[in-house]
Amino acid sequence: MSTLPRLSLFAAPGSSAVDRRAADWLSACGIDARPVQAPALEGLQGGSWELDAPESALSALRALLQEETTEDLSALLTPAAMLGSRRTLVVTDVDSTLIQEEVIELLAAHAGREAEVAAVTERAMRGELDFAASLHHRVQALKGLPVRVIAEVAEQVTPMPGALDLIAAAHANGHRVGAVSGGFIQVLEPLAQALGLDHAQANELGVRDGVLTGTVEGPVVDRAAKAAALRRWCAADDIKATHTVALGDGANDLDLLTIAGYAVGVRPKPALRNACDGVLGVRRLDTVSAALGWS
Ligand SMILES: [Mg+2]
């Protein structure tokens, strides 16, 4: 098992060669690298390099990949500690990370207020609005919806490509997987069961007399609560925080990604860019398990 950090690149076929991109980045940072067998993923070209470099050079590479990763490329700088980890906890955000949709927008569509709610979501995920205040505002738009729309929306959500492979690879290697969401537990719970997740946490939509009350029950799962979930699940599973992978896309994933041993942004909003060890421009979660050597 390698004790050196590793750079892995994946790109859609036809996009500029991963070898050339890696060579450019590595030479710009003055890093000596040795190609290692690239994990094969269907429909993607890939390359992997073991890096013998001081932390300052790795930081420069991290900054470069955050800056230059485009939507047809995924670039992951996997820390050495993660490659040697026998027991790892993966904690993933849900909306636009584990699944392709934003659940609150699907719910709002039932209320005919999708555009309004989507605009608030976009601003919140860029970090322009306080998450809890924006959540209350958006949930209010759902007031009066019949409770059956929750089940309809739960049926509508689609896992991100490669999500099932990432979860299967984690479990096959003895690791744990949790999902934490600023969305809603009534949608996440059935999804977590279907995907075989080990942990799940999200907000609870208020329901009374068969309709949504337009409120959230209990404390809001915000930026700080997401990081707290990682710490709690680490304690429950006896896993060190340095042996955690976090995946997210929005500003409310910042604390989660910051405390994780390995932070992966899934088409991350600018608020997250400086926190990422890996950036997925290509939305394929199996690139993460491949970069970790799990598949
Ligand atoms: Mg999200």
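Author: Fine. This is a predicted model. Strand β5, residues 89–92, pairs with β9 in the parallel sense, over 4 bridges.

Reader: Which residue stands opposite valine 91 in β9?

Author: Alanine 246 in β9 stands opposite valine 91.

Reader: And what does α11 touch on the sheet?

Author: α11 packs on the sheet and touches β5, β6 (176–184), β7 (199–208) and β9. The direction of α11 makes about 155° with that of β5.

Reader: Zooming out, how many strands form the sheet, and in what order?

Author: 11 strands form an open sheet, ordered β2-β3-β1-β4-β11-β10-β9-β5-β6-β7-β8, and the pairing is mixed.

Reader: Which strands stand at the edges?

Author: β2 (32–36) and β8 (211–217) do; each has a single partner strand, so one side of each is left without a neighbour in the sheet. Neighbouring strands are turned by 25° against each other on average, direction ignored.

Reader: Where does helix α2 lie?

Author: Helix α2, residues 55–68, lies across β1 (6–11), β3 (45–52), β4 (73–78) and β11. It runs at about 160° to β4.

Reader: Why does aspartate 238 count as exposed?

Author: Because it has 9 C-beta neighbours inside 10 Å, and the cut-off for exposed is 12 or fewer.

Reader: And arginine 267, where is that?

Author: In the loop between β10 (262–266) and β11 (278–280). Arginine 267 also has a positive phi, about 40°, and is partly exposed, with 16 other C-beta atoms within 10 Å.

Definitions and conventions. Residues are numbered from 1 along each chain as its sequence is written. This is a predicted model: local features need pLDDT of at least 70, side-chain atom pairs count only at pLDDT 80 or more; totals for chains, interfaces and linings use all residues. A residue is buried if 20 or more other C-beta atoms lie within 10 Å of its own, exposed if 12 or fewer, and partly exposed in between; C-beta atoms are placed from the backbone. Helices (H or I, at least four residues) and strands (E, at least two) are DSSP runs, numbered from the N terminus. Two strands pair if DSSP finds at least two bridges between them. Axes are lines fitted to C-alpha atoms, for helices over the stretch in contact, and angles run from 0 to 180 degrees between N-to-C directions. Two residues are in contact if their C-beta atoms, placed from the backbone, lie within 7 Å.
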